Amino acid sequence: MPYVVTASREELDLGPEVLRTYLRYLDVTGLRDPRGATLAEAEEIIAGLRASYAAALDDPTLRGLATFWAHTALDQGVDLTVPGAFERFKRDLDAGRVPYDEQVLE
(Lines give C-alpha, C1' and ligand atoms only; values in the text may rest on other atoms or scores of the structure.)
Protein backbone atom coordinates (compact mmCIF):
# COMPACT_ATOMS: atom_id res chain seq x y z
CA MET A 1 0.00 0.00 0.00
CA PRO A 2 2.71 2.58 0.72
CA TYR A 3 3.96 2.23 -2.86
CA VAL A 4 0.67 2.73 -4.68
CA VAL A 5 -1.97 4.21 -2.35
CA THR A 6 -2.21 7.91 -1.66
CA ALA A 7 -4.32 8.75 1.36
CA SER A 8 -4.03 10.36 4.73
CA ARG A 9 -2.11 8.45 7.38
CA GLU A 10 -5.35 7.93 9.29
CA GLU A 11 -6.88 6.19 6.27
CA LEU A 12 -3.76 4.13 5.55
CA ASP A 13 -3.66 2.98 9.16
CA LEU A 14 -7.00 1.27 8.50
CA GLY A 15 -5.48 -1.01 5.84
CA PRO A 16 -5.05 -4.10 8.02
CA GLU A 17 -8.57 -3.80 9.43
CA VAL A 18 -10.03 -3.35 5.94
CA LEU A 19 -8.18 -6.46 4.79
CA ARG A 20 -9.43 -8.39 7.83
CA THR A 21 -13.01 -7.28 7.12
CA TYR A 22 -12.71 -8.30 3.46
CA LEU A 23 -11.38 -11.73 4.38
CA ARG A 24 -14.23 -12.20 6.85
CA TYR A 25 -16.69 -11.27 4.11
CA LEU A 26 -15.14 -13.81 1.74
CA ASP A 27 -15.32 -16.44 4.46
CA VAL A 28 -18.95 -15.77 5.42
CA THR A 29 -20.13 -15.73 1.79
CA GLY A 30 -18.22 -18.89 0.91
CA LEU A 31 -15.99 -17.04 -1.57
CA ARG A 32 -12.72 -17.66 0.33
CA ASP A 33 -10.46 -20.06 -1.56
CA PRO A 34 -10.24 -23.13 0.69
CA ARG A 35 -6.74 -23.88 -0.62
CA GLY A 36 -5.39 -20.80 1.14
CA ALA A 37 -4.94 -19.93 4.77
CA THR A 38 -7.88 -20.30 7.09
CA LEU A 39 -9.54 -17.13 8.31
CA ALA A 40 -7.89 -17.57 11.72
CA GLU A 41 -4.47 -18.04 10.13
CA ALA A 42 -4.93 -14.96 7.92
CA GLU A 43 -6.03 -12.83 10.87
CA GLU A 44 -2.99 -14.00 12.85
CA ILE A 45 -0.69 -13.04 9.97
CA ILE A 46 -2.32 -9.62 9.68
CA ALA A 47 -1.92 -9.03 13.41
CA GLY A 48 1.72 -10.12 13.26
CA LEU A 49 2.50 -7.68 10.47
CA ARG A 50 0.97 -4.62 12.14
CA ALA A 51 4.33 -3.20 13.30
CA SER A 52 6.09 -3.76 9.97
CA TYR A 53 3.10 -2.28 8.12
CA ALA A 54 3.29 0.87 10.24
CA ALA A 55 7.05 1.05 9.62
CA ALA A 56 6.47 0.74 5.87
CA LEU A 57 3.98 3.62 5.98
CA ASP A 58 6.60 5.72 7.78
CA ASP A 59 9.31 4.99 5.18
CA PRO A 60 9.05 7.49 2.32
CA THR A 61 11.56 5.49 0.25
CA LEU A 62 8.88 2.81 -0.21
CA ARG A 63 6.59 5.20 -2.07
CA GLY A 64 6.26 5.15 -5.82
CA LEU A 65 6.99 8.31 -7.78
CA ALA A 66 3.36 9.41 -8.04
CA THR A 67 2.76 8.57 -4.39
CA PHE A 68 5.87 10.53 -3.39
CA TRP A 69 4.58 13.69 -5.09
CA ALA A 70 1.03 13.23 -3.86
CA HIS A 71 2.23 12.84 -0.28
CA THR A 72 4.53 15.84 -0.69
CA ALA A 73 1.48 17.84 -1.78
CA LEU A 74 -0.53 16.53 1.17
CA ASP A 75 2.33 17.46 3.53
CA GLN A 76 2.15 21.00 2.13
CA GLY A 77 -1.55 21.18 2.95
CA VAL A 78 -2.80 20.66 -0.60
CA ASP A 79 -6.32 19.21 -0.68
CA LEU A 80 -6.07 16.78 -3.57
CA THR A 81 -9.86 16.53 -3.78
CA VAL A 82 -10.12 20.14 -4.94
CA PRO A 83 -10.09 20.47 -8.73
CA GLY A 84 -6.91 22.20 -9.90
CA ALA A 85 -5.16 21.91 -6.53
CA PHE A 86 -2.46 19.55 -7.75
CA GLU A 87 -1.84 21.71 -10.82
CA ARG A 88 -1.28 24.72 -8.54
CA PHE A 89 1.03 22.57 -6.40
CA LYS A 90 2.99 21.60 -9.53
CA ARG A 91 3.37 25.25 -10.54
CA ASP A 92 4.72 26.04 -7.06
CA LEU A 93 7.02 23.03 -7.30
CA ASP A 94 8.33 24.11 -10.71
CA ALA A 95 8.91 27.62 -9.31
CA GLY A 96 11.02 26.18 -6.48
CA ARG A 97 8.56 27.08 -3.71
CA VAL A 98 7.95 23.52 -2.50
CA PRO A 99 10.51 21.85 -0.25
CA TYR A 100 11.03 18.11 -0.75
CA ASP A 101 13.64 15.50 0.11
CA GLU A 102 15.77 15.05 -3.01
CA GLN A 103 17.52 11.98 -1.54
CA VAL A 104 14.21 10.22 -0.97
CA LEU A 105 13.15 11.14 -4.49
CA GLU A 106 16.33 9.60 -5.89
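**Entry 1: the whole chain**

I started with contacts (heavy atoms within 4.5 Å). Among those in the chain between residues at least 6 apart in sequence, 56% join residues at least 24 apart.

A note to myself on ground rules: this is a predicted model, where local features need pLDDT of at least 70 and side-chain atom pairs count only at pLDDT 80 or more, while totals for chains, interfaces and linings use all residues. Residues are numbered from 1 along each chain as its sequence is written, and side-chain values use heavy atoms, with hydrogens and water left out.

Next I looked up the secondary structure, and the chain comes to seven helices and zero strands. Helices here are DSSP runs of H or I with at least four residues, strands are runs of E with at least two, and both are numbered from the N terminus. Read along the sequence, the pattern is α-α-α-α-α-α-α. The radius of gyration is 18 Å, well over the 13 Å that the globule rule gives for 106 residues, so the chain is more spread out than a compact globule. That radius is taken over C-alpha atoms, and the rule is 2.2 Å times the number of residues to the power 0.38. I also noted that the C-alpha trace spans about 55 × 30 × 20 Å along its principal axes.

How much of the chain is buried? Buried residues make up 25% of the 106 residues. Buried means under 20% relative accessible area, exposed means over 50%, and partly exposed is in between (1.4 Å probe, protein chains only). The accessible surface comes to about 7400 Å², and 57% of that belongs to carbon and sulfur atoms. These areas come from the Shrake-Rupley method with a 1.4 Å probe; for residues, only the protein chains shown count as cover.

**Entry 2: helix 2**

I went to Arg20, which sits in helix 2 (residues 15–28). Buried or exposed? I checked Arg20. Arg20 is buried, at a relative accessible area of 9%. Leaving aside neighbours within four places in sequence, I found Arg20 in contact with Glu43, Ile46, Ala47 and Arg50.

Leu19 is in helix 2 too, but Leu19 counts as partly exposed at 41% relative accessibility.

Which residues of helix 5 are buried? I got Thr67, Phe68, Trp69, Ala70, His71, Thr72 and Ala73. Their cover includes helix 1 (9–12), helix 6 and helix 7. Leu65 also lies in helix 5, yet Leu65 counts as exposed at 57%. After helix 5 comes Gly77, with a positive phi near 85°.

Rings of Phe, Tyr and Trp (its six-membered ring) pair if their centres lie within 6.5 Å; planes under 30 degrees apart count as stacked, over 60 as edge-to-face and the rest as tilted. Phe68 and Trp69 are edge-to-face, 4.8 Å centre to centre with 80° between the planes. Phe68 is buried at 6%, and Trp69 is buried at 17%. Trp69 also pairs edge-to-face with Tyr100, at 4.9 Å and 65°. This pair links distant parts of the chain, 31 residues apart: Trp69 is in helix 5 (residues 65–75), Tyr100 in the loop between helix 6 (85–94) and helix 7 (102–105). Tyr100 is partly exposed at 34%. Together, ring pairs link Phe68, Trp69 and Tyr100 into a cluster.

**Entry 3: salt bridges**

How many salt bridges are there? I found eight in the structure. Each is a side-chain nitrogen of Lys or Arg within 4 Å of a carboxyl oxygen of Asp or Glu.

Arg9 and Asp13 meet in one (2.7 Å, N to O), and a network of salt bridges links Arg9, Asp13 and Asp58. Arg9 is partly exposed at 30%, as is Asp13 at 35%.

Arg35 bridges to Asp33 (2.6 Å, N to O). Arg35 is exposed at 74%, whereas Asp33 is partly exposed at 34%.

Lys90 and Asp94 bridge with their closest N and O atoms 2.9 Å apart. Both lie in helix 6, four residues apart, about one turn of the helix.
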